[in-house]
Amino acid sequence: MQTIYAMHQKGSDSIEKEEKFLISSLENLMELYLIMMSTLLELANKEAEFIEISRKKHLATPEERNPNLKFVNNILLRLLGDSKSLQVALENNKINNWKTNDDAILLLLQDVKQSSIYLNYMKDKLTSFEKDKQFVIDLFSEVIAPNDKLYSYLEDYKLTWVDDIPVVNTQILKQLKQINEKSEFRVSSLFKDEEDREYATLLFRKTVLNESEFAKEYIDKTPNWDVDRIAEMDTILLKMAICELLKFPSIPVKVTINEFLEIAKEYSTPKSSIFINGILDNLVKNYQSTGRLNKSGRGLME
């Protein structure tokens, strides 16, 4: 959607060039994912460094000589740090953002240590994997993910990440909840399989190559709307949805409609989802009655 919109705004007709941008944007998701994973590790590392420096102070206080190590020894964070899968991925992708941006991680650490989640966790004398796991989940979802300073840093680092951050954070949270104490953490794959990898480029290419044809599908279905006044984002979403309905036989009708309604709610006008839902509903009925909706697999017409 964003690539097609940008293509329209630039007046570009180079499908190959825009497709490369799309692929690059998708691959950048992995970099963002690894940066967010490394954030958890680096917060513990920075706190460990701070504790060691404080211990060596000439006039160290009793608390500095015998610090509370619960955070730096968190079982889940240690499990992540010991993950070979994560270590290799960070190294291969050259993820060293917090080494070169020390201030950013220190500011985040400050916010973490001032949070009630951290303070309550450090007061609790009992330690277990489940407690440590829940602490990391709560810390990530309530302090790290919504942190304005971290968000600003990521936005400045790569502007295309603005809409990707919630997606990546949701995936990380899902993984954190699934971690088992006895199994090694493994980095999430960007794509499920080769078909998944090809889906975005196929949807992009098939939509762009058939835009004029797809537009004809809904023009006479909008009697109460001036076609020239329909929001451009809505026309893009309609064309993409029609493309999925007609060109992707393995994707269920319900999935297509629900996905594009959610995208419309997020990115277009307040009334867009109602408008798009009405158009798609009429189109599906028409396609079904005329035999144009060729879906394969059980339940795909539902």
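A residue counts as buried when its relative accessible area is under 20%, as exposed when that area is over 50%, and as partly exposed in between. This is a predicted model, and a search of the whole structure finds 17 salt bridges, some of which are visited here.

Begin by selecting Arg-55 and Glu-52, which form a salt bridge whose closest N and O atoms are 3.6 Å apart. Both belong to helix H2 (residues 15-55), and because they are three residues apart there, about one helical turn separates them. Arg-55 has a relative accessible area of 35%, so it is partly exposed, and Glu-52, also at 35%, is likewise partly exposed.

Next, select Lys-239 together with Glu-211, a salt bridge in which the closest N and O atoms lie 3.1 Å apart. This pair links distant parts of the chain, since Lys-239 sits in helix H14 (residues 232-247) and Glu-211 in helix H13 (residues 211-219), 28 residues apart. Both Lys-239 and Glu-211 are buried.

Is Glu-217 buried or exposed? Its relative accessible area is 16%, so Glu-217 is buried, whereas Arg-292, at 36%, is partly exposed.

Finally, select Lys-46, Glu-49 and Asp-102 together, and you will have on screen a network of salt bridges that links these residues.

Note on methods:
Residues are numbered from 1 along each chain as its sequence is written. This is a predicted model: local features need pLDDT of at least 70, side-chain atom pairs count only at pLDDT 80 or more; totals for chains, interfaces and linings use all residues. Side-chain values use heavy atoms; hydrogens and water are left out. A salt bridge is a side-chain nitrogen of Lys or Arg within 4 Å of a carboxyl oxygen of Asp or Glu. Helices (H or I, at least four residues) and strands (E, at least two) are DSSP runs, numbered from the N terminus. Buried means under 20% relative accessible area, exposed over 50%, partly exposed in between (1.4 Å probe, protein chains only).
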